[in-house]
Amino acid sequence: MVVEKVQLGATDVWVSPLGIGTWQWGDRWMWGYGKDYGVDDVRAAFEAAVESGVTFVDTAEVYGLGRSEKLLGSFIASSKAQVCVATKFFPFPWRVTKGQLVNALRQSLKRLGLQQVDLYQLHFPRSARAIETWGEALAEVVEAGLTRAVGVSNYNAEQTGRIYNVLAARGIPLATNQIHYSLLQHEPEHKGVLQTCRDLGVTIIAYSPLAKGLLTGKYTPQNLPAGLRRRMYDVERLAEIQPLIALMQEIGGAYGDKTPAQVALNWLLCKGTLPIPGAKNARHVRSNAGALGWRMTSAEVAALDEASEEASKRKGE
(Lines give C-alpha, C1' and ligand atoms only; values in the text may rest on other atoms or scores of the structure.)
Protein backbone atom coordinates (compact mmCIF):
# COMPACT_ATOMS: atom_id res chain seq x y z
CA MET A 1 0.00 0.00 0.00
CA VAL A 2 1.37 3.42 -0.99
CA VAL A 3 0.94 6.08 1.70
CA GLU A 4 1.88 9.72 1.20
CA LYS A 5 4.79 10.69 3.46
CA VAL A 6 5.06 13.60 5.89
CA GLN A 7 8.17 15.57 6.83
CA LEU A 8 9.69 15.49 10.31
CA GLY A 9 10.14 19.15 11.20
CA ALA A 10 12.53 20.94 8.89
CA THR A 11 14.67 17.84 8.27
CA ASP A 12 15.07 15.71 5.17
CA VAL A 13 13.39 12.78 6.91
CA TRP A 14 10.00 11.85 5.46
CA VAL A 15 7.85 9.19 7.11
CA SER A 16 4.40 7.63 6.96
CA PRO A 17 1.74 9.89 8.58
CA LEU A 18 0.90 7.08 11.00
CA GLY A 19 3.52 5.10 12.88
CA ILE A 20 3.69 2.08 15.11
CA GLY A 21 4.84 2.18 18.73
CA THR A 22 6.72 -0.84 20.04
CA TRP A 23 6.53 -0.53 23.82
CA GLN A 24 4.55 -3.79 23.81
CA TRP A 25 7.33 -5.62 21.97
CA GLY A 26 9.17 -7.41 24.75
CA ASP A 27 7.60 -5.60 27.72
CA ARG A 28 6.33 -8.05 30.32
CA TRP A 29 5.49 -5.66 33.19
CA MET A 30 2.87 -3.41 31.56
CA TRP A 31 1.81 -5.44 28.53
CA GLY A 32 2.43 -9.07 29.49
CA TYR A 33 4.72 -10.00 26.61
CA GLY A 34 5.26 -13.75 26.60
CA LYS A 35 1.85 -14.56 28.10
CA ASP A 36 -0.94 -14.17 25.56
CA TYR A 37 1.33 -12.96 22.75
CA GLY A 38 4.97 -13.33 21.75
CA VAL A 39 7.59 -12.99 19.06
CA ASP A 40 5.49 -14.47 16.25
CA ASP A 41 2.68 -12.02 17.00
CA VAL A 42 4.88 -8.93 16.98
CA ARG A 43 6.69 -10.13 13.87
CA ALA A 44 3.30 -10.39 12.18
CA ALA A 45 2.52 -6.86 13.42
CA PHE A 46 5.71 -5.57 11.80
CA GLU A 47 4.96 -7.31 8.51
CA ALA A 48 1.36 -6.03 8.49
CA ALA A 49 2.59 -2.49 9.17
CA VAL A 50 4.93 -2.59 6.18
CA GLU A 51 2.17 -4.03 3.97
CA SER A 52 -0.18 -1.24 5.12
CA GLY A 53 2.35 1.50 4.35
CA VAL A 54 2.95 2.23 8.05
CA THR A 55 6.73 2.34 7.92
CA PHE A 56 7.63 4.68 10.79
CA VAL A 57 8.56 2.52 13.80
CA ASP A 58 9.23 4.00 17.23
CA THR A 59 11.13 2.13 19.94
CA ALA A 60 13.38 2.91 22.91
CA GLU A 61 16.33 1.40 24.74
CA VAL A 62 14.19 0.83 27.86
CA TYR A 63 11.31 -0.94 26.12
CA GLY A 64 11.58 -4.50 27.37
CA LEU A 65 15.08 -3.61 28.63
CA GLY A 66 16.38 -3.53 25.05
CA ARG A 67 14.28 -6.44 23.81
CA SER A 68 12.09 -4.18 21.66
CA GLU A 69 15.11 -2.86 19.74
CA LYS A 70 16.46 -6.39 19.27
CA LEU A 71 13.14 -7.67 17.97
CA LEU A 72 12.76 -4.75 15.57
CA GLY A 73 16.32 -5.22 14.35
CA SER A 74 15.75 -8.90 13.66
CA PHE A 75 12.53 -8.17 11.74
CA ILE A 76 14.24 -5.56 9.59
CA ALA A 77 17.17 -7.90 8.87
CA SER A 78 14.98 -10.83 7.86
CA SER A 79 12.51 -8.83 5.77
CA LYS A 80 14.83 -6.22 4.22
CA ALA A 81 11.88 -3.83 4.57
CA GLN A 82 12.49 -0.11 4.11
CA VAL A 83 11.37 1.43 7.39
CA CYS A 84 12.20 4.63 9.27
CA VAL A 85 13.44 3.82 12.76
CA ALA A 86 13.19 6.07 15.80
CA THR A 87 14.60 5.22 19.21
CA LYS A 88 15.26 7.04 22.47
CA PHE A 89 17.87 7.84 25.13
CA PHE A 90 16.72 7.45 28.74
CA PRO A 91 18.32 10.01 31.12
CA PHE A 92 19.07 7.74 34.06
CA PRO A 93 20.45 9.68 37.08
CA TRP A 94 23.92 8.24 36.55
CA ARG A 95 24.07 9.52 32.99
CA VAL A 96 25.71 12.92 33.25
CA THR A 97 28.03 13.28 30.25
CA LYS A 98 27.48 13.83 26.55
CA GLY A 99 29.61 10.80 25.85
CA GLN A 100 27.11 8.59 27.64
CA LEU A 101 24.40 9.63 25.18
CA VAL A 102 26.70 8.88 22.26
CA ASN A 103 27.52 5.46 23.72
CA ALA A 104 23.84 4.75 24.43
CA LEU A 105 23.00 5.39 20.78
CA ARG A 106 25.84 3.11 19.66
CA GLN A 107 24.41 0.36 21.88
CA SER A 108 20.93 0.92 20.45
CA LEU A 109 22.36 0.68 16.93
CA LYS A 110 24.04 -2.58 17.87
CA ARG A 111 20.76 -4.05 19.12
CA LEU A 112 18.96 -2.79 16.01
CA GLY A 113 21.67 -4.03 13.67
CA LEU A 114 21.86 -0.61 12.00
CA GLN A 115 24.58 1.90 11.21
CA GLN A 116 22.24 4.85 11.62
CA VAL A 117 18.71 5.58 12.88
CA ASP A 118 16.37 8.08 11.29
CA LEU A 119 15.39 9.79 14.55
CA TYR A 120 17.03 9.81 17.99
CA GLN A 121 15.06 11.28 20.88
CA LEU A 122 15.57 12.28 24.50
CA HIS A 123 12.99 10.20 26.36
CA PHE A 124 12.36 12.63 29.25
CA PRO A 125 13.63 16.07 30.32
CA ARG A 126 14.27 14.88 33.88
CA SER A 127 18.01 14.61 34.31
CA ALA A 128 20.98 15.44 36.53
CA ARG A 129 22.31 17.60 33.72
CA ALA A 130 20.91 20.70 32.07
CA ILE A 131 18.78 20.46 28.94
CA GLU A 132 21.52 22.34 27.09
CA THR A 133 24.02 19.54 27.78
CA TRP A 134 21.82 16.97 26.11
CA GLY A 135 21.09 19.38 23.26
CA GLU A 136 24.80 19.56 22.53
CA ALA A 137 25.00 15.76 22.71
CA LEU A 138 22.17 15.44 20.18
CA ALA A 139 24.06 17.75 17.85
CA GLU A 140 27.13 15.53 18.18
CA VAL A 141 25.34 12.33 17.17
CA VAL A 142 23.90 14.08 14.10
CA GLU A 143 27.35 15.35 13.15
CA ALA A 144 28.81 11.88 13.72
CA GLY A 145 26.28 10.41 11.26
CA LEU A 146 24.70 8.13 13.88
CA THR A 147 21.23 9.60 13.31
CA ARG A 148 19.59 11.59 10.53
CA ALA A 149 17.45 13.72 12.86
CA VAL A 150 16.92 14.38 16.54
CA GLY A 151 13.94 15.06 18.77
CA VAL A 152 12.67 15.07 22.32
CA SER A 153 9.85 13.43 24.24
CA ASN A 154 7.70 14.70 27.11
CA TYR A 155 9.19 18.22 26.88
CA ASN A 156 7.02 21.17 27.88
CA ALA A 157 6.83 24.40 25.89
CA GLU A 158 9.71 26.13 27.70
CA GLN A 159 11.98 23.08 27.54
CA THR A 160 11.23 22.60 23.86
CA GLY A 161 12.26 26.17 23.13
CA ARG A 162 15.52 25.81 25.05
CA ILE A 163 16.68 22.68 23.24
CA TYR A 164 15.50 24.09 19.91
CA ASN A 165 17.84 27.07 20.46
CA VAL A 166 20.83 24.87 21.35
CA LEU A 167 20.42 22.83 18.19
CA ALA A 168 19.72 25.87 16.02
CA ALA A 169 23.04 27.37 17.12
CA ARG A 170 24.70 24.29 15.60
CA GLY A 171 22.60 24.52 12.42
CA ILE A 172 20.51 21.45 13.31
CA PRO A 173 16.68 21.50 13.41
CA LEU A 174 14.73 20.02 16.29
CA ALA A 175 12.61 17.55 14.34
CA THR A 176 10.05 16.28 16.84
CA ASN A 177 8.52 16.33 20.28
CA GLN A 178 6.86 13.04 21.24
CA ILE A 179 4.10 13.70 23.76
CA HIS A 180 1.11 12.07 25.41
CA TYR A 181 -1.78 13.39 23.34
CA SER A 182 -5.20 11.93 22.64
CA LEU A 183 -8.90 12.62 22.91
CA LEU A 184 -8.50 11.93 26.63
CA GLN A 185 -5.30 13.91 27.10
CA HIS A 186 -5.55 17.60 26.20
CA GLU A 187 -2.67 18.99 28.28
CA PRO A 188 -0.54 19.75 25.19
CA GLU A 189 -3.27 22.14 24.01
CA HIS A 190 -3.84 23.79 27.37
CA LYS A 191 -0.19 24.20 28.35
CA GLY A 192 1.12 25.62 25.08
CA VAL A 193 3.16 22.66 23.88
CA LEU A 194 1.16 22.23 20.69
CA GLN A 195 1.38 25.91 19.79
CA THR A 196 5.09 26.15 20.59
CA CYS A 197 5.87 23.19 18.36
CA ARG A 198 3.77 24.65 15.55
CA ASP A 199 5.52 28.00 15.89
CA LEU A 200 8.96 26.35 15.77
CA GLY A 201 8.13 23.92 12.98
CA VAL A 202 8.55 20.88 15.23
CA THR A 203 6.47 17.81 14.42
CA ILE A 204 4.32 16.43 17.22
CA ILE A 205 4.45 12.64 17.61
CA ALA A 206 1.46 11.51 19.66
CA TYR A 207 2.03 8.50 21.90
CA SER A 208 -0.73 6.59 23.72
CA PRO A 209 -3.15 7.93 21.08
CA LEU A 210 -5.74 5.34 22.10
CA ALA A 211 -5.29 5.94 25.85
CA LYS A 212 -3.98 2.40 26.42
CA GLY A 213 -7.10 0.96 24.83
CA LEU A 214 -9.76 3.18 26.41
CA LEU A 215 -10.55 4.84 23.08
CA THR A 216 -11.03 1.57 21.22
CA GLY A 217 -14.56 1.26 22.61
CA LYS A 218 -14.05 -2.37 23.63
CA TYR A 219 -13.87 -1.57 27.35
CA THR A 220 -17.00 -0.70 29.33
CA PRO A 221 -17.97 -0.73 33.01
CA GLN A 222 -19.01 -4.34 32.39
CA ASN A 223 -15.81 -5.26 30.49
CA LEU A 224 -12.68 -3.97 32.21
CA PRO A 225 -9.16 -4.22 30.76
CA ALA A 226 -6.82 -6.83 32.18
CA GLY A 227 -3.67 -6.51 34.25
CA LEU A 228 -2.27 -3.20 35.45
CA ARG A 229 -4.70 -1.26 33.26
CA ARG A 230 -7.62 -2.67 35.30
CA ARG A 231 -6.27 -0.72 38.29
CA MET A 232 -5.55 2.39 36.22
CA TYR A 233 -9.03 2.66 34.68
CA ASP A 234 -11.89 1.80 37.02
CA VAL A 235 -15.61 1.35 36.41
CA GLU A 236 -16.39 5.01 37.12
CA ARG A 237 -13.86 6.26 34.58
CA LEU A 238 -15.14 3.91 31.91
CA ALA A 239 -18.69 5.10 32.55
CA GLU A 240 -17.59 8.73 32.18
CA ILE A 241 -16.20 8.25 28.67
CA GLN A 242 -19.16 6.33 27.20
CA PRO A 243 -20.81 9.50 25.74
CA LEU A 244 -17.54 10.23 23.91
CA ILE A 245 -17.34 6.65 22.64
CA ALA A 246 -20.93 6.89 21.40
CA LEU A 247 -20.11 10.05 19.43
CA MET A 248 -17.03 8.37 17.93
CA GLN A 249 -19.19 5.44 16.86
CA GLU A 250 -21.70 7.82 15.28
CA ILE A 251 -19.01 9.70 13.35
CA GLY A 252 -17.29 6.48 12.32
CA GLY A 253 -20.54 5.15 10.93
CA ALA A 254 -20.66 8.04 8.46
CA TYR A 255 -17.33 6.92 6.97
CA GLY A 256 -18.11 3.28 6.30
CA ASP A 257 -18.22 1.87 9.81
CA LYS A 258 -14.91 3.24 11.02
CA THR A 259 -14.17 2.07 14.55
CA PRO A 260 -13.74 4.35 17.58
CA ALA A 261 -9.99 3.63 17.45
CA GLN A 262 -9.81 4.75 13.81
CA VAL A 263 -11.78 7.89 14.64
CA ALA A 264 -9.45 8.65 17.56
CA LEU A 265 -6.39 8.32 15.32
CA ASN A 266 -8.00 10.34 12.54
CA TRP A 267 -8.69 13.13 15.06
CA LEU A 268 -4.95 13.30 15.75
CA LEU A 269 -4.17 13.32 12.04
CA CYS A 270 -6.61 16.22 11.64
CA LYS A 271 -4.70 18.02 14.40
CA GLY A 272 -1.53 17.79 12.29
CA THR A 273 0.23 15.24 14.50
CA LEU A 274 1.85 11.87 13.84
CA PRO A 275 0.17 9.22 16.03
CA ILE A 276 2.07 6.06 16.94
CA PRO A 277 -0.41 3.52 18.33
CA GLY A 278 1.07 0.36 19.74
CA ALA A 279 0.25 -3.03 18.31
CA LYS A 280 0.71 -6.54 19.65
CA ASN A 281 -0.39 -8.31 16.48
CA ALA A 282 -1.26 -7.91 12.80
CA ARG A 283 -4.95 -7.38 13.53
CA HIS A 284 -4.18 -4.30 15.64
CA VAL A 285 -1.97 -2.86 12.90
CA ARG A 286 -4.52 -3.35 10.13
CA SER A 287 -7.19 -1.78 12.29
CA ASN A 288 -4.99 1.25 13.04
CA ALA A 289 -4.16 1.67 9.35
CA GLY A 290 -7.89 2.19 8.75
CA ALA A 291 -7.40 5.71 10.11
CA LEU A 292 -5.62 6.63 6.86
CA GLY A 293 -7.14 7.73 3.56
CA TRP A 294 -9.99 9.89 4.88
CA ARG A 295 -10.52 13.00 7.01
CA MET A 296 -13.27 14.14 9.32
CA THR A 297 -14.86 17.53 8.78
CA SER A 298 -13.90 20.49 10.94
CA ALA A 299 -17.36 20.32 12.54
CA GLU A 300 -16.83 16.69 13.51
CA VAL A 301 -13.40 17.48 14.96
CA ALA A 302 -14.95 20.33 16.96
CA ALA A 303 -17.71 18.03 18.24
CA LEU A 304 -15.10 15.53 19.41
CA ASP A 305 -13.12 18.34 21.03
CA GLU A 306 -16.16 19.35 23.04
CA ALA A 307 -17.13 15.81 24.04
CA SER A 308 -13.59 14.85 25.02
CA GLU A 309 -13.09 18.02 27.03
CA GLU A 310 -16.30 17.19 28.89
CA ALA A 311 -15.00 13.69 29.62
CA SER A 312 -11.73 15.17 30.88
CA LYS A 313 -13.62 17.69 33.02
CA ARG A 314 -15.61 14.92 34.68
CA LYS A 315 -12.37 13.11 35.46
CA GLY A 316 -11.12 16.17 37.34
CA GLU A 317 -14.29 16.65 39.39
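## Two loop residues with positive phi

L65 sits in the loop between β4 (56–58) and α2 (67–79). This is a predicted model. In it, phi of L65 is near 55°, a positive value in a residue other than glycine. Most residues other than glycine have a negative phi. L65 has 83% relative accessibility; that is over the 50% cut-off, so L65 counts as exposed.

D257 is another such case. Its loop runs between α10 (242–253) and α11 (260–270). Phi of D257 is near 60°, again positive in a residue other than glycine. D257 has a relative accessible area of 65%, so D257 is exposed.

## The chain as a whole

The protein chain holds 13 helices and 10 strands. Its C-alpha trace spans about 50 × 40 × 40 Å along the principal axes. A compact globule of 317 residues would have a radius of gyration near 20 Å. The protein chain has 19 Å, which agrees.

Buried residues account for 56% of the 317 residues. The chain exposes about 13600 Å², and carbon and sulfur atoms supply 51% of that area.

An open sheet is built from 8 strands. Their order is β3-β4-β5-β6-β7-β8-β9-β10, and the pairing is parallel. The edges are β3 (19–21) and β10 (274–275), each of which pairs on one side only. Strands of a sheet pair through backbone hydrogen bonds.

G21 stands opposite D58 in β4. Elsewhere, helix α7 (residues 193–200) lies across β8 (174–180) and β9 (203–207). Helix α7 runs at about 165° to β8.

## Nonpolar cores

In soluble globular proteins, nonpolar side chains tend to be buried together. Here the largest nonpolar core has 87 residues. Those with the most contacts inside this core are W25, L101, Y120, L122, M248 and L304. Helix α11 gives the most to this core, with 7 residues. A second, separate core has 12 residues, including V13, F56, A86 and L119.

M248 shows what such contacts look like. Leaving out residues up to four places away in sequence, M248 touches L183, L215, P260, V263, A264 and L304.

L238 is in helix α9 (residues 235–240). L238 has 0% relative accessibility, which is under the 20% cut-off, so L238 counts as buried. L238 and I76 are 162 residues apart in sequence. In space, their C-alpha atoms are 38 Å apart.

R283 belongs to helix α12 (residues 282–289). R283 has a relative accessible area of 57%, so R283 is exposed. R283 and V117 are 166 residues apart in sequence and 27 Å apart in space, C-alpha to C-alpha.

How values were computed
Residues numbered from 1 in each chain as written. Predicted model: local features only at pLDDT ≥ 70, side-chain atom pairs only at ≥ 80, totals over all residues. Heavy atoms only, no water. Helix = DSSP H or I, 4+ residues; strand = E, 2+ residues; numbered from the N terminus. Buried < 20%, exposed > 50% of the residue type's maximum accessible area, 1.4 Å probe, protein only. Pairing = 2+ DSSP bridges. Contact = heavy atoms within 4.5 Å. Axes fitted to C-alpha atoms, helices over the stretch in contact; angles between N-to-C directions. Rg over C-alpha atoms; globule rule 2.2 N^0.38 Å. Areas by Shrake-Rupley, 256 points an atom, 1.4 Å probe, with all protein chains shown as cover. Core = buried A, V, L, I, M, F, W, Y, C linked by side-chain atoms within 4.5 Å.
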